[in-house]
Amino acid sequence: MRRFKNILCVVSVTSHDHDAIERAVTLARRNHARLTIVGVMERISLGMGMPDGGPISSQLRSVMFESCQESLELLVAPYRARIDFDARVLVGVQFIEVIREVLRSGNDLLIKAAENPDWLDRLLGSEDMHLLRKCPCPVWLIKPSSPKSYRRILAAVDLGSTYPKEETEARSALNRHVFELAVSLALTENAELHVVHAWEAMGESAMRSGLMRMGAAQVDAYVEEVRQISMASLRKFLHECSDDPDRRLPGHPKPVEHLIKGSARKVIPALVRSVKAELVVMGTVARTGIPGYFMGSTAELVLSQIDCAVLAVKPSGFVTPVVL
């Protein structure tokens with residue numbers, strides 16, 4: 001079972017992010033992990049009316065910083081009896097300072113409450129999306145009023161074989177990482193585990209349009225062949241993941257397989273709603289070390305359509321554009 005060792009929880013000191021803190025505290029206790037809880041205060045710019053760095057502006061910043069620290073301590077105080085953790089305020093642009101904290105501390109998981117109740121309607125371009133795109137460690141966005149324990153967890157994997165060799169290898173490792181996290185959390189939460197792979201028969205619409213000299217039976221046979229290959233890929237992936245001795249322990253969740261025909265950006269959100277998944281675990285990028293390539297369009301479109309908690313995973317070797 002995959003365990004977290006160093007968890008970072010990001011909260012808003014002006015709201016009541018108890019769902020995120022509860023999840024972080026519970027997970028840290030179960031994993032015997034180090035936990036840090038941070039709030040972020042925007043850097044104050046006083047503009048033309050007052051000299052920046054002068055005694056008045058410095059005093060104002062000091063007062064506001066102390067106020068944020070007090071608010072943060074009031075927010076986390078009820079949890080100190082359950083676990084030891086650090087709590088502090090960072091100053092600056094939220095996603096940048098959070099990622100810098102991850103780089104400094106080597107966190108292996110970031111937990112954060114989503115920005116607002118209808119967060120998915122405004123997720124693209126938000127602080128949360130910046131974290132999903134650029135944070136080097138897994139990002140777990142907690143839906144407001146999230147249940148204390150999840151009943152159904154869905155892992156989305158991409159087992160396509162049409163990518164260049166290097167990218168195929170990166171996707172394979174990322175798929176395994178996604179699955180390991182989903183299994184670990186399903187075991188911890190005593191939840192159903194669902195695994196989905198979306199497949200398409202490339203060129204099917206052109207073949208059926210009459211533009212190509214192919215009969216319906218030929219096209220049907222081609223589509224069925226692609227379906228069989230996709231099914232074999234999914235079964236092989238799950239078998240290889242199950243080879244780990246830990247996966248054969250009593251009580252280990254047996255995944256429910258979903259092989260769905262169609263574009264991932266359409267069928268995965270529909271499946272999330274159909275099975276009533278409360279947490280989706282998925283990869284957000286499959287290329288590493290490429291400046292400016294932070295997140296695949298498919299992942300963004302899937303995330304923009306689902307209304308549940310999300311655990312987004314980067315591949316090994318991902319390079320964030322944020323620097324210390």
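In which sense, right-handed or left-handed, does α5 pass α7? I opened the predicted model with that question. I found a right-handed crossing of α5 past α7.

**Entry 1: the α5/α7 pair**

I took the axes next. Those of α5 and α7 come within 11 Å and cross at roughly 60°. I then listed who touches whom. From α5, the residues are Asn 175, Arg 176 and Phe 179. They meet Phe 237, Leu 238, Glu 240 and Cys 241 in α7.

I checked the length of α5, which covers residues 165-189. At 1.5 Å a residue, its 25 residues should span 36 Å. The end C-alpha atoms are 36 Å apart, so the span agrees.

**Entry 2: after α5**

I looked at what follows α5. Asn 190 does, and its phi is positive, near 55°. I noted this because most residues other than glycine have a negative phi. Asn 190 sits in the loop between α5 and β7. Is Asn 190 buried or exposed? Asn 190 is exposed, with a relative accessible area of 72%.

I found another such phi at Lys 276. The value there is near 60°, positive in a residue other than glycine. Lys 276 belongs to the loop between α8 (264-275) and β9. I read 57% relative accessibility for Lys 276, which therefore counts as exposed, the cut-off being over 50%.

**Entry 3: the whole chain**

I stepped back for the totals. The protein has 9 helices and 10 strands. Of its 324 residues, 48% are buried. Residues 24 or more positions apart account for 78% of them.

**Entry 4: the sheet**

In what order do the 10 strands of the open sheet stand? I read β3-β2-β1-β4-β5-β10-β9-β6-β7-β8, and the pairing is mixed. At the edges stand β3 (86-91) and β8 (256-261). Each has a single partner strand, so one side of each is left without a neighbour in the sheet. Neighbouring strands are turned by 20° against each other on average, direction ignored. I then looked for a helix on the sheet. Helix α7 (residues 216-242) packs there, touching β7 (192-199) and β8. The direction of α7 makes about 155° with that of β8.

**Entry 5: around β9 and β10**

I followed the pairs one by one. Strand β5 (residues 139-142) runs antiparallel to β10 (residues 309-313), with 3 bridges. Val 139 has Ala 312 in β10 as its bridge partner. On to β9 and β10: this pair is parallel and has 5 bridges. Here Met 282 has Ala 312 as its bridge partner in β10. Strand β6 (residues 152-156) is joined to β9 by 4 bridges, and the two run parallel. Ala 156 stands opposite Met 282 in β9.

Why is β9 (residues 279-283) largely enclosed by the rest of the structure? I counted 5 of its 5 residues as buried, so it is largely enclosed. I sorted the side chains by direction. Leu 279, Val 281 and Gly 283 point one way, Val 280 and Met 282 the other way, and all are buried. In a regular strand the side chains alternate between the two faces of the sheet.

**Entry 6: α4 and Asp 128**

I turned to helix α4 (residues 127-134), which holds Asp 128. In α4, 7 of the 8 residues are buried, so this helix is largely enclosed by the rest of the structure. I listed some of the buried residues, among them Met 129, His 130 and Arg 133. Asp 128 is buried too, with a relative accessible area of 0%. Which side chain does that of Asp 128 contact? I found a polar contact with the side chain of Lys 112, at 2.8 Å.

**Entry 7: Ser 209**

My last stop was the loop between α6 (204-208) and α7, where Ser 209 lies. I read a relative accessible area of 44%, so Ser 209 is partly exposed. A polar atom of the Ser 209 side chain lies 2.6 Å from the backbone oxygen of Ala 206.

Key:
Residues are numbered from 1 along each chain as its sequence is written. This is a predicted model: local features need pLDDT of at least 70, side-chain atom pairs count only at pLDDT 80 or more; totals for chains, interfaces and linings use all residues. Side-chain values use heavy atoms; hydrogens and water are left out. Buried means under 20% relative accessible area, exposed over 50%, partly exposed in between (1.4 Å probe, protein chains only). A polar contact is a pair of N or O atoms within 3.5 Å; within protein, one must be able to donate a hydrogen and the other to accept it, and residues adjacent in sequence count only if both atoms are side-chain atoms. Two strands pair if DSSP finds at least two bridges between them. Axes are lines fitted to C-alpha atoms, for helices over the stretch in contact, and angles run from 0 to 180 degrees between N-to-C directions. Contact means heavy atoms within 4.5 Å. The expected span of a helix is 1.5 Å times one less than its number of residues. A crossing is left-handed if the near helix is turned anticlockwise from the far one by less than a right angle, and right-handed if clockwise.
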